[in-house]
Amino acid sequence: MDVVGRVIWISGPVVRAEVTSQTQMLEQVSVSDDQLVGEVIGLRRDIATIQVYEDTSGLVPGVPVYGTGAPLSVELGPGLIGGIFDGIQRPLEALAALAGDYIERGVTAPALDRERRWAFTPTATVGERVTGGAVLGTVPETPLVVHRVMVPPDMQGTLTWLAPAGEYTLTTPVARLTNGHEETEITLMQRWAVREPRPTAERLIPSIPLITGQRVIDALFPIAKGGTAALPGGFGAGKTVLQHALAKWSDADIVIYIGCGERGNEMTDVLNEFPKLQDPKTGRPLMERTILIANTSNMPVAAREASIYTGIALAEYYRDMGYHVAVMADSTSRWAEALREISGRLEEMPAEEGFPAYLPSRLASFYERAGLMTTLSGQEGSVTVVGAVSPPSADFSEPVTQHTRRFIRVFWALDKSLAAARHFPAVNWLDSYSGYVEDMKDWWIEHVDPAWSDLRNEVMAILQQESQLQEIVRLVGPDTLPDAQRFVLLVARYIKEAFLQQNALDPVDAYTPPAKQMALLHLLIHLSHRGQEIIARGAPVGRIQNEVTVWPQLVRAKADVPNDDLSALDALRQQLDTELDRIAGDYVA
């Protein structure tokens with residue numbers, strides 16, 4: 001690399017350098033002879049403002065700046081799955097081998113192993129005209145993921161040579177394209193600028209749900225494949241635990257978990273637990289379809305800002321292969337705080353609560369890279385983004401939460417009081433919403449149950465009525481309510497205990513397939529209808545509450561009834577009907 005300038009000003013992770021005219025906006029540079037990774041984020045005449053992604057302690061004016069001539073980019077190719085990277089895609093395991101437990105600044109290693117050989121099987125035909133995104137061959141990256149070797153999006157031409165089946169390193173050419181008089185070699189690896197979205201053929205309307213196995217999400221507030229969701233909650237509300245559950249149980253093909261500015265002990269738990277987890281669908285290790293990006297709160301703040309772009313760039317790469325990718329960003333509040341700190345170093349005019357005025361546009365540029373797409377090769381792939389938000393004091397009116405709500409369609413509001421009551425997931429059913437309900441109605445009708453929308457609406461109506469009645473109960477007590485309203489409180493209680501609440505540690509209850517979710521809802525709504533009929537005949541709610549004996553079985557059904565055999569729910573319904581019929585027989589219709 002050539003020297004393109006020298007540092008003249010330093011303020012934490014932001015430095016200014018007097019540079020030559022060759023320096024470009026958003027160019028990746030190296031600062032000082034320690035080769036600290038940086039990115040040009042401002043140019044004014046011959047003064048470049050550089051965001052440094054490593055510790056700048058001890059840096060002095062006059063040290064050289066080396067240019068790369070390329071933007072901040074990620075390496076894309078076989079070997080990403082199962083990897084653990086930092087915010088600028090340095091492999092943490094390789095860095096630990098080089099520097100020990102504490103990573104020294106300037107230590108770097110290639111994101112992908114250049115020495116490892118991969119089994120390549122060609123699938124294209126020599127002589128055909130190919131464009132960006134065309135699949136040239138496949139590589140078995142893991143037992144769960146077949147890596148499709150693609151033509152880079154900005155290339156096209158006639159395929160003049162294709163390597164035979166065999167084992168190749170990432171840098172060995174496996175194909176040649178000719179476009180006019182220009183010949184280009186293609187290897188198993190390519191690079192892509194993290195801030196530039198990868199092109200697609202068409203954006204589709206998300207209409208297929210991302211099945212998570214979490215009943216409150218799938219049945220009440222679903223998210224589509226290619227959708228966007230926010231997961232806001234105060235400290236201790238369960239954001240990270242729920243994201244872990246989504247990463248483990250969702251039916252995404254590939255999961256990318258971005259630990260962006262979270263506490264080191266939380267990220268340590270992720271790094272220790274994920275390699276031990278099994279993929280519930282295949283029994284294989286979950287890491288065989290997972291990529292982890294770790295950038296904790298004690299790591300350089302500027303790298304936190306880049307980490308979510310690194311993660312979304314990797315997700316788009318696998319989307320272009322035709323995979324459905326789920327991105328878990330934990331948390332976007334810490335990312336926004338990094339923006340605020342860097343903006344302060346740049347002496348920019350602050351907006352709400354000190355955040356920069358461009359916070360909304362940065363949030364939009366991140367969430368808009370999600371979507372269900374037709375790829376350049378004609379396949380369907382998606383990127384689903386779930387961003388955790390950590391508002392101070394659980395204040396959902398703060399800027400990050402409010403601006404995030406403008407760009408997402410699913411809002412899972414976590415309630416700390418529910419978490420304190422050991423109600424998991426602690427999703428508040430009154431404050432949450434999903435904008436994909438109508439889009440996914442046809443899928444539920446065709447694949448699961450035509451009554452899904454009606455059941456969902458009835459459950460939501462019961463929960464909302466219960467919330468209103470609780471205001472009266474807190475003032476004058478439940479005994480003043482008529483029996484019909486007291487029965488609403490009883491049904492709402494069992495909806496919460498028997499359906500909404502899950503045990504993440506129970507082997508059955510941790511994941512509920514859609515068919516069982518609908519069976520449980522049918523049972524609870526059937527109870528509601530039968531009880532209302534009996535109370536309308538004049539029966540007191542106390543008889544239903546005291547003489548029906550199946551309440552414990554109803555609450556335990558979510559864990560006691562196997563996910564693949566729902567016959568026990570039919571037997572439970574028959575027993576419930578028998579006991580209700582006995583009560584109804586004492587009252588004339």
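# Report on a predicted protein model

The protein carries 51 positive and 74 negative side chains, and the centres of these two sets lie 2 Å apart. These values, like the others in this report, are computed from a predicted model.

## Overall form

The secondary structure of the protein comes to 16 helices and 26 strands. A compact globule of 589 residues would have a radius of gyration near 25 Å, and the 28 Å found for the protein agrees with that. Taken along the principal axes, the C-alpha atoms fill a box of roughly 95 × 55 × 40 Å. Of the 589 residues, 55% count as buried, while the protein exposes about 24,100 Å², of which carbon and sulfur atoms supply 50%. When contacts between residues at least 6 apart in sequence are considered, 71% of them join residues at least 24 apart.

Helix α11 covers residues 452-476, and its 25 residues should span 36 Å at 1.5 Å a residue, which agrees with the 36 Å between its end C-alpha atoms. Its buried residues are Trp452, Ser453, Leu455, Arg456, Val459, Met460, Ile462, Leu463, Glu466, Leu469 and Val473. An α-helix has 3.6 residues a turn, so residues three or four places apart point the same way. The cover over the buried residues of α11 includes α2 (215-220), α10 (437-447), α12 (483-500) and α13 (514-536).

Helix α13, which is thus among the elements covering α11, has 23 residues and reaches 33 Å from its first C-alpha to its last, close to the 33 Å expected at 1.5 Å a residue. Each of these two helices is followed by a glycine with a positive phi: glycine 477 comes after α11, with phi near 90°, and glycine 538 comes after α13, with phi near 115°.

## Backbone details in the loops

Most residues other than glycine have a negative phi, and most peptide bonds are trans.

| Cis peptide bond | Omega | Loop of the second residue |
|---|---|---|
| Aspartate 330 to serine 331 | near 0° | between β22 (324-330) and α6 (332-345) |
| Phenylalanine 424 to proline 425 | near -5° | between α9 (416-420) and β26 (433-434) |

Positive phi values also occur in residues other than glycine, and arginine 45 is one of them, with a phi of about 55°. Arginine 45 sits in the loop between β4 (36-44) and β5 (47-52), and it is exposed because its relative accessible area of 77% is over the 50% cut-off. Glutamate 353 likewise has a positive phi, near 50°, and lies in the loop between α6 and α7 (359-367).

Arginine 284 is found in the loop between α4 (264-273) and β21 (290-295). With a relative accessible area of 35%, arginine 284 is partly exposed, since this class runs between the 20% limit for buried residues and the 50% limit for exposed ones. Leaving aside its neighbours within four places in sequence, arginine 284 is in contact with Pro143, Leu144, Leu277, Gln278 and Asp279. Proline 164, by comparison, is 120 residues from arginine 284 in sequence and 30 Å from it in space, C-alpha to C-alpha.

Methods: Residues are numbered from 1 along each chain as its sequence is written. This is a predicted model: local features need pLDDT of at least 70, side-chain atom pairs count only at pLDDT 80 or more; totals for chains, interfaces and linings use all residues. Side-chain values use heavy atoms; hydrogens and water are left out. Helices (H or I, at least four residues) and strands (E, at least two) are DSSP runs, numbered from the N terminus. The radius of gyration is taken over C-alpha atoms; the globule rule is 2.2 Å times the number of residues to the power 0.38. Buried means under 20% relative accessible area, exposed over 50%, partly exposed in between (1.4 Å probe, protein chains only). Contact means heavy atoms within 4.5 Å. Accessible areas come from the Shrake-Rupley method with a 1.4 Å probe; for residues, only the protein chains shown count as cover. Lys and Arg count as positive and Asp and Glu as negative; His and the chain ends are not counted. The place of a charge is taken as NZ of Lys, CZ of Arg, CG of Asp or CD of Glu. The expected span of a helix is 1.5 Å times one less than its number of residues.
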